[in-house]
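Please view the model first.

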Amino acid sequence: MSSLTFISRPVSSGDSINGELRVPGDKSISHRSVMLGAIAEGVTEVSGFLQGDDNLATVNAFRAMGVNIEQGNDTELSITGVGLHGLQAPQKTLDLGNSGTSIRLLSGLLAGQKFDSVLTGDASLLKRPMRRVTLPLAEMGADIATVEGGMPPLSISAVSSLNAIDYLMPVASAQVKSCLILAALYAEGVSRIIEPAPTRDHTERMLAGFGCSVGRDGDTVVVNPEGARLSACKVDVPADISSAAFFLVAASIVPGSDLLLKHVGINPTRIGVINILMQMGANIEIISEREIGGEPVADIRVRYAQLNGIHIPEDQVPLAIDEFPVLFIAAACAEGETILTGAEELRVKESDRIQSMVDGLLAIGVKAVAQDDGIIIQGGGDISGGEVDSHGDHRIAMAFTMAGLVSAGAITIRDCSNVNTSFPDFIGLARQVGVDVESV
Ligand code: S3P
């Protein structure tokens, strides 16, 4: 398979990151719009949808289960829901590509169906842990086989019903929580899912928008499936803060920068990247905060600032879980040491993000040491340029693109095709605000 290489070059002296940008739609919210739209009654209209490969894998899975999904323009979808009990047996294995969110949420939705299904994915997905979902689903009475070690493919067998569950999640994971919420809609009795720390709550918010609220009691989500039904609605997907994060860091590290990021989702369970950057001294302003479709949205202005290394508070880890690759680049540019602990989850993302980042940082002359559950980065030294491997991980590729802005020479980044999983036209948008990157 051919793979893209990115070459990111330092900004010329006097140049900076400037202008206005609306990054593509939120990946997590886009997935959920398709899933909930599919099991709702009526036609759900989605705007701002992210046409990334991960979300298209979700769309294709539901099409294979008999759901009519039409694409309007680039970012609009129209989903004709089949109701909670209207999905049809897929005639083929559902291939979810690189998408952990698709496979984990779908495993919950499909665990209680009266048909068999098989879920698989690409080489990276086949290495990702699924016991975190298959164990609690088995407790609910689901019949799911994995390959050795609890990895996909997942073979889900038809069941006549599921039992409710009372479950304290061992990891703070929105994918596990959402998986169990979806399964609980098909169970008999009231389920309680307890989070060890707050995680993104898009599923809960969107279910309310579909007229099917779940309860919340402190750290517990309460799902009562009695009489549950979802009614189609309009979903307006905000720009993805996880994609905006690359530009928050870009503008923060290039002197003279002043950038406005438009219509960004600022759900409190997602803003760890803003909290952490501000604690490092970033100049970030939240402008015209508003609520759209149950999700808070704002424009974000970011200007250059001298950053300082910090010990990242562990309570921010689940709130910034996808943004650490680019936060490590911010740390490399900050004065002093940055320490991250309590983030062992980074080892089981699209790649082992602690190892991928340490290897890449060392390759461009930044002192970084891997820890079991985090990293230590010595900031403020020179970034030399050089060659790094993204390990097929979209966020590693985009993070090192931003390091190239302030390196002495070009950074060549290998294996970048998967940037399309979350950020189609990353190169085009990045160039628009002054990032000198090309793909070859
Ligand atoms: C996601 C949850 C997070 C995140 C992923 C998307 C979601 O995963 O890393 O990119 O949409 O629920 P975990 O739940 O495994 O932390």
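R290 counts as partly exposed because its relative accessibility is 28%; partly exposed lies between buried (under 20% relative accessible area) and exposed (over 50%), with a 1.4 Å probe and protein chains only. Its side chain meets that of D299 in a salt bridge, at 3.3 Å from N to O. A salt bridge here is a side-chain nitrogen of Lys or Arg within 4 Å of a carboxyl oxygen of Asp or Glu. D299 is buried, with a relative accessible area of 9%.

This is a predicted model: local features need pLDDT of at least 70, side-chain atom pairs count only at pLDDT 80 or more, and totals for chains, interfaces and linings use all residues. Residues are numbered from 1 along each chain as its sequence is written, and side-chain values use heavy atoms, with hydrogens and water left out.

**Domains and their interface**

- The chain is divided into domain 1 (6-25 + 238-439) and domain 2 (27-230); the bounds come from an automatic or database domain assignment.
- The contact (heavy atoms within 4.5 Å) takes 26 residues from domain 1 and 24 residues from domain 2.
- Domain 1 and domain 2 bury about 2000 Å² between them, 47% of it on carbon and sulfur atoms. Buried area is the accessible area (1.4 Å probe) that two parts lose on being put together, summed over both.
- R270, E350 and T421 lose the most area on the domain 1 side, together 24% of what that side buries.
- The rule finds 3 salt bridges across the interface of domain 1 and domain 2.

**Salt bridges**

- The structure holds 22 salt bridges.
- D54 pairs with K27, the closest N and O atoms being 3.5 Å apart. D54 sits in helix α2 (residues 53-63) and K27 in helix α1 (residues 27-38), 27 residues apart. Helices (H or I, at least four residues) and strands (E, at least two) are DSSP runs, numbered from the N terminus. Both D54 and K27 are buried.
- D258 and R301 meet at 2.6 Å, N to O. D258 lies in strand β17 (residues 258-265) and R301 in strand β19, so the pair ties together parts that are 43 residues apart in sequence.
- E350 and R128 meet at 4.0 Å, N to O. A network of salt bridges links R128, R200, D322, E350, R353, D393 and R395.

**D240**

- D240 is found in the loop between β16 (234-236) and α7 (241-253).
- D240 counts as buried because its relative accessibility is 2%.
- Leaving aside neighbours within four places in sequence, D240 is in contact with V23, P24, G25, D26, K27 and R270.
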